[in-house]
Amino acid sequence: MRDHLYLFFFMIQFSSGCILSNERQKIEITGYTGGSVVLPCSCAHPQSTVNTFTWLFDGGGQWISVFEDEEYSGRRVLFNESSPQNLSLLISDLRKEDQGYYECMTEQHTFIHLTVKGCNLVQNTEAMNAVTGYSGKYVVLPCSCSELLAKPEQIRWRYYVGNTFKEIYPNEKTERHKNRLKLLNQTSPGNLSLHISALTAEDEGDYSCSVSSQTVSYRLHVEVTLRTEKPHIHTSISLSTLQPSHQTQELPPPQQPHQTLQYLFILVAVFPLALILPFLALSSRYAKDEVACSAIVYVEKAFPPDHTQNNVVELIECQYQC
């Protein structure tokens, strides 16, 4: 009996079609011009069967079908067509006209309000901004949106030449800037700053960045830098290195007084030694003779008595010599 009851409720769920997970809710979604956004809408049960389904857009007081509007053809598709229960809407290449109310409607419905933020220039659009660059270097003319994620629908850089403005980005209509211009928006779509490389004096002049109805103007001044020749640098260095040697020849030797003092000090130290050495030599000789005499006396005393007379004579001569 319980199994039959579960089967009955299961059949009622499928017969009722897709029950939206966010039924009768108002969802706020924010997108940026040039980007993409997903408007969520899906069935609460993964195995639900979608009987009827449509997306409507309030185009100014009147609801119109999103997929039947040729103006937005190719920009509005289902987010996941392989999953019938996922009814989310993907809108690419967003524009200000996409802002408004959307309705996901099956047997039930839910509302989504989409806000699309565009590009408003940060720079002063009423004054002429001055920028200085240097020849041979690069310069950046700043131009950016208040929302860096917002990509403008149209961006144009122009250069004033020949009493008229000529476009230099995205279409280079002057040979002067060819292959030397690029935008710095690789990571931020709202960064529209212009990078000019290999500056020359001919690049000096007036530039303008235009986004929709907004324009920011710049006056570029290029300063020419002079390069110093390397041979001239080497010549000045060689002269500076030779000058000290010429001065040392004219001035008296600075080390002579110092050397005289050294010689005087050595003489004073050696003179007493010269006086003491002779006395040391005489005293050393006297000590040697005294030792020799004492040795002879000792030896003569050890001789036998029969040689006493001869030994006494020799001993007297030795003592006299000592």
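**Cysteines, a sheet and an aspartate**

Reply: C119 counts as buried because its relative accessibility is 9% (buried means under 20% relative accessible area, exposed over 50%, partly exposed in between, with a 1.4 Å probe and protein chains only). This is a predicted model, where local features need pLDDT of at least 70 and side-chain atom pairs count only at pLDDT 80 or more, while totals for chains, interfaces and linings use all residues. Residues are numbered from 1 along each chain as its sequence is written, and side-chain values use heavy atoms, with hydrogens and water left out.

Me: Which residue does a disulfide join to C119?

Reply: C145, with an S to S distance of 1.8 Å; a disulfide here is a pair of cysteine sulfur atoms within 2.5 Å. C119 lies in the loop between β8 and β9 (128-134) and C145 in the loop between β10 (139-141) and β11 (155-161), so the link ties together parts 26 residues apart in sequence. Helices (H or I, at least four residues) and strands (E, at least two) are DSSP runs, numbered from the N terminus.

Me: Is C145 buried or exposed?

Reply: Buried, since its relative accessible area is 2%. The link of C119 and C145 is left-handed, with -90° about the S-S bond.

Me: How many disulfides does the structure hold?

Reply: It holds 4. One of them joins C18 to C43, S to S 1.8 Å. C18 sits in the loop between α1 (2-15) and β1, and C43 in the loop between β2 (37-39) and β3 (54-58), so this pair connects parts that are 25 residues apart in sequence. Both C18 and C43 are buried, and their link is left-handed, at -120° about the S-S bond.

Me: What about C143 and C209, how far apart are their sulfur atoms?

Reply: 2.1 Å, and the two form a disulfide. C143 lies in the loop between β10 and β11, whereas C209 is in strand β15 (residues 205-211), so the pair ties together parts 66 residues apart in sequence. The torsion about the S-S bond is about -65°, so this disulfide is left-handed too. C143 and C209 are both buried.

Me: Changing topic. What is the strand order in the open sheet of 5 strands?

Reply: The order is β1-β8-β7-β3-β4, with mixed pairing; two strands pair if DSSP finds at least two bridges between them. β1 (26-32) and β4 (63-65) are at the edges with a single partner strand each, so one side of each has no neighbour in the sheet. The twist averages 30° from one strand to the next, with axes taken as lines fitted to C-alpha atoms and angles running from 0 to 180 degrees between N-to-C directions.

Me: How many bridges join β7 to β8?

Reply: 6, between β7 (residues 100-105) and β8 (residues 109-117), which run antiparallel. Y102 stands opposite I112 in β8.

Me: And D98, where is that found?

Reply: In the loop between β6 (89-91) and β7. D98 counts as buried because its relative accessibility is 0%.

Me: Which side chains make polar contacts with the side chain of D98?

Reply: R75 does at 2.9 Å, and R76 at 3.1 Å. A polar contact is a pair of N or O atoms within 3.5 Å; within protein, one must be able to donate a hydrogen and the other to accept it, and residues adjacent in sequence count only if both atoms are side-chain atoms. Leaving aside neighbours within four places in sequence, D98 is in contact (heavy atoms within 4.5 Å) with residues including F57, Y72, L114 and V116.
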